[in-house]
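Trainee: Hi! Could you walk me through this structure? I'm new to reading these.

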Amino acid sequence: MKRHLISAGDLTKDDALLILDTAEELASVSERSIKKLPTLRGRTVVNLFFEDSTRTRISFEAAAKRLSADVINFSAKGSSVSKGESLKDTALTLEAMGADAVVIRHGASGAPHRLANWVHGSVVNAGDGTHEHPTQALLDAFSMRRRLGALEGRKITIVGDVLHSRVARSNVLLLGTLGADVTLVAPPTLLPVSVGTWPCEVSYDLDAVLPKSDVVMMLRVQKERMNAAYFPSEREYSRRYGLDRDRFAKMPDDAIVMHPGPMNRGMEIAAEVADSARSTIVEQVANGVTIRMAVLYLLLGGETT
Ligand code: CP
C-alpha cells in the first residue's frame, strides 16, 4: 500500500483485495456488543471537511473510534477558513496538533493531492470536487462482493450524472482493476468529454443494458453542481434514465441495486426500488464504516511503501 489513498487508480489489484479482505476480517468487530479494537491507540485522525457530508464524515469518525484512534473533526463552517485561512495553513495547523492521518473532503478536484505535499501523515481522499471518492468505490466493491462473490467478469452498470460524479470515476477505475465489466449509461450531456479514455463501455439506452446487468448503480443528479440545463426537465430525465418499478422488473432476478446516497427519491430512483430487498443502499452505509476501518488500519498500522 502507498502512504496515501487519493485515487482508486493508485490501487493495484493486490492492494484492493488486501483492503477488501481486511474489511472482511474487521466486519465482525461491528457485530460485537463492544465495537472496539486497540489497534490505533495513541494515533490521531483528523477529519477535514470543506464540503457537506453525512455518510462519509460520520463513518470515518466511527471507523477511527472503533480502532481506538483519537479523532479531531474539523468543519470549514465555523472555522478560520471563513476569515480567509488557506488550505495549506489549515492543514499545517492541524498537523501541529499531531495528525497521523488527514481525511479530507474538498470542493476542489486535486485538493488531497496538494495536501499530501504539505503534511507528514497519510492523506485519505474523502471526495474531491468531481474527481474521486476512492473509499466509496471500495465500500461499493465490498458490498457487491458480499452479495455476489468475486467481481471478475461481473456486469456493472452505472447510471446517471457521470459528469459531476467522483463516485463514478473511482468505481470505474477500481472495478476495472478487480476485473469487472463496467458500462456507463447517461445522457450525452452528463458524460465527461474524456469518457472515451475510461476503461469502460458507454451506452445511452438503459432499457437495453438492464437485462444484462449483475449490478445497477444509480447516481445522484447533482443539481448543486449544475450551472446550465443538462436535460429538458426532471420528469424527462426520470422517464429516460430513472430506475422505476418497470425498469427494475427488466433486471435479472438476482441483480442488485446500489446508490451511494444521498438519493433524489422519485427522480433517479423510485422509492419502492430503493427500499426493496435487492437494494444494498443501507448495507453500503454500514459497509462504509468497515472499509474505512480497513483503510485506516492499513495506512496507519500496516506496512506502507
Ligand atoms: N456517498 C457519500 O459520499 O455521501 P455523503 O456526501 O453523505 O458523505
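This is a predicted model: local features need pLDDT of at least 70, side-chain atom pairs count only at pLDDT 80 or more; totals for chains, interfaces and linings use all residues.

Trainee: Great. At what angle do H2 and H11 pack?

Mentor: About 50 degrees, with their axes 8 Å apart. Helices here are DSSP runs of H or I with at least four residues, strands are E runs of at least two, and both are numbered from the N terminus. The axes are lines fitted to C-alpha atoms over the stretch in contact, and angles run from 0 to 180 degrees between N-to-C directions.

Trainee: Which word describes how H2 lies to H11?

Mentor: H2 is oblique to H11. Angles under 35 degrees count as roughly parallel, over 145 as roughly antiparallel, 65 to 115 as roughly perpendicular and the rest as oblique.

Trainee: Which residues make the contact between H2 and H11?

Mentor: On the H2 side they include Phe60 and Arg66, and on the H11 side Val289 and Arg292 are among them. Contact means heavy atoms within 4.5 Å.

Trainee: And how does H1 pack with H11?

Mentor: H1 (residues 13-30) and H11 (residues 281-301) pack at about 115 degrees, and their axes are 8 Å apart. Leu18 and Leu26 of H1 and Ile291 and Tyr297 of H11 are among the contact residues.

Trainee: Switching to loops: where is Ser68?

Mentor: Ser68 is in the loop between helix H2 (55-66) and strand S2 (70-75). Its phi is positive, about 70 degrees, although Ser68 is not a glycine. Most residues other than glycine have a negative phi.

Trainee: Is Ser68 buried or exposed?

Mentor: Ser68 is buried, with a relative accessible area of 16%. Buried means under 20% relative accessible area, exposed over 50%, and partly exposed in between, using a 1.4 Å probe and protein chains only.

Trainee: What about Gly266, buried or exposed?

Mentor: Gly266 is exposed, at 54%. You'll find Gly266 in the loop between strand S9 (256-258) and helix H10 (271-274).

Trainee: Which residues does the cis peptide bond join?

Mentor: Gly261 and Pro262, with omega about -5 degrees. Pro262 also lies in the loop between S9 and H10. Most peptide bonds are trans.

Technical notes
Residues are numbered from 1 along each chain as its sequence is written. Side-chain values use heavy atoms; hydrogens and water are left out.
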